[in-house]
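I opened this notebook to keep track of what I looked up, entry by entry. The sequence and the structure come next, and my notes follow them.

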Amino acid sequence: MFNPGAEKPELEVGDYVQNLRVPEALGIIIAIHVADKRATVDWDIPGLEDENTVTTTYLTSLRLIAKPANC
C-alpha cells in the first residue's frame with residue numbers, strides 16, 4: 001500500500017536495484033557518487049553483452065530490490 005510519509009530507503013554499494021525507466025534492467029550498485037546523485041551499476045539486461053553492462057545512472061531512477069545477504 002502507498003504511504004506518502006514513508007522514507008525512500010538509502011541505496012548503498014552492493015544493493016540490488018531495478019531501473020525505473022527500463023524495468024527489465026536489474027543490477028547491482030558497484031559505486032555511489034554522492035555529489036552527482038548517481039550510482040555506477042552493473043546491469044543484467046536480457047540481450048545485452050557483458051562489455052556494455054556497466055553504466056552510471058541517477059539515483060532517482062533506481063528502485064531497491066534487495067539488500068545483500070550478510071555472510
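This is a predicted model: local features need pLDDT of at least 70, side-chain atom pairs count only at pLDDT 80 or more; totals for chains, interfaces and linings use all residues.

Is Asp15 buried or exposed? I looked up Asp15 and found a relative accessible area of 1%, and because the cut-off for buried is under 20%, Asp15 counts as buried.

Next I looked for charged partners, and I found that Asp15 forms a salt bridge with Lys67, with the closest N and O atoms 3.0 Å apart. Asp15 lies in the segment before β1 and Lys67 in the segment after β5, so this pair ties together parts that are 52 residues apart in sequence. Salt bridges with shared partners join Glu12, Asp15 and Lys67 into one network.

I then turned to Glu12, whose side chain meets that of Lys67 in a salt bridge at 3.2 Å, N to O. Glu12 is also in the segment before β1, so its pairing with Lys67 ties together parts 55 residues apart in sequence. I recorded Glu12 as partly exposed, at 41% relative accessible area, and Lys67 as partly exposed too, at 38%.

For the strands, I noted that β1 (residues 16-19) runs antiparallel to β2 (residues 26-33), joined by 3 bridges, and that the two form a hairpin with 6 residues between them. Within this pairing, Tyr16 has Ile28 as its bridge partner. I also found β1 paired with β5 (residues 62-66) in the antiparallel sense over 4 bridges, where Asn19 is partnered by Leu62.

Last, I looked at the surface, where Tyr16, Leu26 and Ile65 form a nonpolar patch with about 270 Å² of accessible area together. Ile65 belongs to β5 and is partly exposed, at 43% relative accessibility.

Conventions: Residues are numbered from 1 along each chain as its sequence is written. Side-chain values use heavy atoms; hydrogens and water are left out. Two strands pair if DSSP finds at least two bridges between them. Patches are made of residues with over 30% relative accessible area and no salt bridge: like charges are joined within 9 Å, nonpolar side chains (Val, Leu, Ile, Met, Phe, Trp, Tyr) within 5 Å. Accessible areas come from the Shrake-Rupley method with a 1.4 Å probe; for residues, only the protein chains shown count as cover. A salt bridge is a side-chain nitrogen of Lys or Arg within 4 Å of a carboxyl oxygen of Asp or Glu. Buried means under 20% relative accessible area, exposed over 50%, partly exposed in between (1.4 Å probe, protein chains only).
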